[in-house]
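Good morning, and thank you for coming.

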Amino acid sequence: MRKLVLKVVLFLLLVLNMLFYSDSYFREDKIFNLTKDSYRDRQSDLDLAIFGSSHAYSTYDPRIFETELNLHSFNFGGSAQRLLTGLPLMEEVVGKNELKIAVVDIFDMSVQHDSLGENSRMLQLQTFDNTEFSFTKVKSFSTIFSFKKLLDIFPTLRNHGSWFELVGKSPHIPKDDADFYKGYVSKFESFDSQTWERFLTKVAKRKKEIPKALAKSESKIIDKVISVFQSKGIPLIFVNAPSYNYQHDKRYQAYQHLIGDYVVSQGFDYIDYNLLTDKIGLKKADFKDPNHLNPKGALKVSAHLSDFIKRNYSIPNRENIEFDQNRYDLISENFKNSTLKFEDLGEQISSKANINAVYVFKTSSYGYELVFRQSDSDVNNVHVKLKFGIDDEDKKKHLEMFGEQSMDGNIVKHYPFLRRDQSILYKGSRYSIYQFRAPYDNIMDMELYVGPKRDLKIFDSINIKQKN
Amino acid sequence: MLFNSLDFAFFFPVVFVLYWIFSKHVVARNILLLVSSYFFYGWWDWRFLLLIFISSLVDFLVGRKMYRSENNRTRKGLLMISLFVNLGFLVYFKYANFFIESFVDSFSLFGIALEISTLEIILPVGISFYTFQTLSYTIDLYRKKIEPAKDVISFFAFVSFFPQLVAGPIERASHLLPQFYIKHKFDYSLVKSGLLLMAYGLFKKMVVADRAAVYVNSVYNNVEDHNGLSYLYATVLFAFQIYCDFSGYSDIAIGASRTMGFDLMKNFDAPYFSKSLTEFWRRWHISLSTWFRDYVYIPLGGSRKGKYRTYFNLFLVFLVSGLWHGAAWTFIIWGALHGIVLVFEKAIYKSKEPFFKRLGLSNENLSNRMFFGTLTFFIVCLGWVFFRANGLDDALTVTQGIFTDISVNEIFAIENYTIGFNINEFKILMLSILLMLTFEAYYKRRSVINRLNKQSVIARWSFYLIVVMYIAIFGIYGETTTKEFIYFQF
């Protein structure tokens, strides 16, 4: 009997391991997969980690912390992520890194995990599916989903019905208009009045009672988060990302006061960015939607937070790190490590195209960013045309784009989709940002034209070998 | 609770461990089995426990009195009490509404509308099975083939034994009851083979039966939207669905019992490899067919009262068998069809045997086996049309469609294979059916399990892991897809 029990336990452990292995193939395609995969790929020891919901991942840009503080940073924000959901993730990150500081974005939704709606519960799965198995994860999962649904903790068992769609799918890539960097995700866009009206209609249906105190479960989860970092002596800052709706929502304001008072009473710093919008110059154009900032807004908030950390925490930073995929760091280093660099473009380009320098660098294996330093910082946009050649080998791998008829031995000219330009003001200059993906082994004869008629050549005949 | 549920995954290991802790004390062990069986059964609905309790108590008391009495009239009277109570429950809970509806329908044929409404009755799970099991006890006692149960605990545990309570095998008291009197020694190899059998049962149920059900239900629940070819495919798939569902349950029941040292009778013996319907009924639901043979067919006279009486007895047994399966005319027709074919086989076998021998049709060569096997399978499938259809009209539509509405061109039309699911799911279903048939074809001849046991531990464990992951990935389970076993409705 003892032999049987031992064998059964050993077999179950093997089954668990098989499930852990297969789980990565059965995860649904969500943005947090990319966040976690890119964290795993980098393998570097983190100094600064940011946790929270989509408010966190669209507000706190690791690029700024890297540039201003010289710290390896990562944003672990996940869609609708509650603190209870993020707890095992925090434990995992703390366990695997020698964090020097942690930032937790917190607002009313973060501390509420009882009686979640179906959609909210489903969104927690993004984080759970990308967190390693642990007792804390089991506890959090069974609190949110119930004990009976515990087996759903394994994507293999939960999504097994979609085995054919999920297994063999390519890893998640960000949408064409997403600005993604080490877990930070946002879009170069702002919202219009129609969006605002729709948002107000949705908000009008929400609860309106003003809470007088935090519920026991709400303060308890904050305590649990604190203990994760306190146990390792990691400084912790609580923050609240700005919401365009803040002034209109009394319940939200009351919750933030209660949360803020509570964390301060526990001895921690709390910054509510809703109260600093004037100080840091946040405007409607800095929001991509009423609850989330775009990269312009994220730059302002992240710059303020990094300055706050610099002034109030003695964090030993790393020296001489260069972040080659970080536009802000490259700007600070005058683009000395960019893939391509074109300066002193001449009077004609400077006056007609509003550009006095162009830099090209890689943001990922096949992702690129074009940064145009503008001549006139008051003018917002530049006009760009980019094309390069694709040979038959690459065309074969992307038949859906090029078609069989293009297999003729000729180099076909390809115009990549350039993600929408958005200009940012950084260190006194205005820069226009364009991003594109080039998932090809070879980029041949790349040409760049600018100007209102896109006829002013910046460069041509540039070849980039991406794969040996 | 269902065998393919998380509840059972927690329940069974707990019972298993406690069972072996108490195994040295027979009474304590039987009490544990009784309590856990009642817990298992009450998980569906606690009210069902009252029925099984009354049924068990009546038969226990009747059994004791019957054994002590030498008076035949008294003994017969006691038997009648047992039959009345048990069959009374069965008829009321299972057939009351059927009889009421049939009564009303028969008058409506003459244009008379009766204002009689049906009753709100919940069918207790497994009532057909445990009723037959306890009846076998009282009938065998009456026939003086067995002695009464030694104590009330072991008898109650025998009636309610959870592995086989709700869908068989229908055990005989002479086989199962004595196993409750003795200590069972822990035998690692028996436990291992029991667990393997349970895994095989889960594979059949979750991967084959429940997957086939998707296609079958899509066609049979919307008969008017489909054609002859999809009727044919759905019927063939239903043949595998019902076999894998039912035999899967039996395998889990037998396997679970084996891990606790109990031996249950074999209930299926690769029935779709039968070469005649007679052979089919020696291999399909063996516990039920032998029950009807011993308690209905033989008491009616069996084959001892002349040719025509034999045919009548055979036909009647299958008519009743159809009714046992369900309170609907389609089940009765299904039983009648089988009865007719069996009578036909019996009639032609003896008289035409020399003729078949001359044609070379009675040799056991491969071509004959394939021909008769295919013919038998086809006949069985035609019967399944009535078994599965949602009413007589649908059954006739499907039957007619199979014979008159099949176009050869449609065989290659992919839409006929992707009703209810996509082509990849269909491929997995075909692969799984092939694996199952291959295993069952070679199981006895090639001693598959013995061969497996001779492999290295790495090879064996790799195989077990593959099986578990195959079920985990390709099994049908989850919130919206958990399926009850088909035979629970009986």
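Predicted model: local features only at pLDDT ≥ 70, side-chain atom pairs only at ≥ 80, totals over all residues.

Let me start with a question: does Arg63(A) count as buried or exposed? Arg63(A) counts as buried, because its relative accessibility is 1%, and the cut-off for buried is under 20%. The model scores ipTM 0.81 and pTM 0.84. For chain B, the average pLDDT is 88, and 93% of the residues score at least 70.

Let us stay with Arg63(A). Its salt-bridge partner is Asp61(A), with 3.1 Å between the closest N and O atoms. Asp61(A) also counts as buried, at 0% relative accessibility. Both residues belong to a network of salt bridges that also links Asp179(A), Arg327(A) and Glu369(A). Over all chains, the count comes to 34 salt bridges.

In one of them, the side chains of Asp45(B) and Arg47(B) meet in a salt bridge, at 2.7 Å from N to O. Here Asp45(B) is buried, with a relative accessible area of 12%, whereas Arg47(B) is partly exposed, at 45%. In the other, Arg283(B) pairs with Glu279(B) at 3.2 Å, N to O. Those two residues lie four residues apart in helix H10 of chain B, residues 277–283, about one turn of the helix. Arg283(B) and Glu279(B) are both buried.

I now turn to the interface. How many salt bridges does the rule find across the interface of chain A and chain B? The count there is zero. On the side of chain A that touches chain B, helices H1 (2–26), H8 (155–158) and H9 (163–166) each supply at least two residues. H1(A) gives the most, with 11 residues. By class, that side of chain A has 14 nonpolar, four polar and five charged residues.

As for extent, 23 residues of chain A are in contact with 27 residues of chain B. The two chains bury about 2,200 Å² between them, 77% of it on carbon and sulfur atoms. In chain A, the residues that lose the most area to chain B are Met1(A), His160(A) and Trp163(A), together 29% of what that side buries.

In helix H18, residues 457–474, we find Phe463(B), which is partly exposed at a relative accessible area of 40%.

Methods: Residues numbered from 1 in each chain as written. Chains lettered and ligands numbered in written order. Heavy atoms only, no water. Contact = heavy atoms within 4.5 Å. Buried area = accessible area lost by both parts, 1.4 Å probe. Salt bridge = Lys/Arg side-chain N within 4 Å of Asp/Glu carboxyl O. Nonpolar A, V, L, I, M, F, W, Y, C, P; charged D, E, K, R; others polar. pLDDT = per-residue confidence, 0-100. Buried < 20%, exposed > 50% of the residue type's maximum accessible area, 1.4 Å probe, protein only.
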